[in-house]
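The following note sets out numbered points on the model displayed below. Please read each point alongside the coordinates.

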Amino acid sequence: MWWSDRRRFLVLGTAALATGGCFRPMLASDSPATGLLGRIELPAFDDRFGYHLDAALRDRLGAPEAPAYRLDVRTRIRRDNLAITQDNAITRISLTATADWSVVRIGDTSPLLSAQTVSQSSYNSTASLFATRETERDIERRIARDLGERIARSILAQAARIAAADGAVSGS
């Protein structure tokens, strides 16, 4: 792409945004996403990873005040050794967290929305066991926060779909 083409694309994109053509804030006061804030009951987590995931979800979705929906989340973490020296010392470790989640109307069993979210990060192992464990905890915290952000973003982005599916369920 030539420089002049990029400039034209930038000018046209800016003009479209300025005229309100394609951009609308997800959490605008009249958006369907704001109607979900504080209305989703979060699962009870019982481990350190879940604690950080819960904090991220509460930050984005709000603390449940009058829940109409329930978020079900199942997480699993996989640890892979990426770099191993000739004397079998592990020098690079990768953590991959997967969350299978669904949004269900309270009192119902069929999900209104469900998906799988994955987050991955890696770190260097050191000769110090303490430093390696602290690094692993930090990476777990980051992955949990990232999963929470991704899940919340997906839910809020599809708030209109949840409301429409909920209307179809309530109307029947």
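**Notes on the predicted model**

1. Thr 96 is buried, its relative accessible area being 11% (buried means under 20% relative accessible area, exposed over 50%, partly exposed in between, with a 1.4 Å probe and protein chains only). Thr 96 lies in strand S3, residues 90-105 (helices, H or I of at least four residues, and strands, E of at least two, are DSSP runs numbered from the N terminus). Leaving aside residues up to four places away in sequence, Thr 96 touches Arg 76, Ile 77, Arg 78, Val 118, Ser 119 and Gln 120 (contact means heavy atoms within 4.5 Å).

2. This is a predicted model, in which local features need pLDDT of at least 70 and side-chain atom pairs count only at pLDDT 80 or more, while totals for chains, interfaces and linings use all residues. Residues are numbered from 1 along each chain as its sequence is written, and side-chain values use heavy atoms, with hydrogens and water left out.

3. The chain has an average pLDDT of 83, and 80% of the residues score at least 70 (pLDDT is the predictor's confidence in each residue, from 0 to 100). Where pLDDT is low, the predicted coordinates should not be read in detail.

4. Helix H2 comprises the 14 residues 48-61; at 1.5 Å a residue it should span 20 Å, and its end C-alpha atoms are 20 Å apart, which agrees (the expected span is 1.5 Å times one less than the number of residues). Buried residues in H2 include Phe 49, Leu 53 and Leu 57. Just after H2, Gly 62 adopts a positive phi of about 85°.
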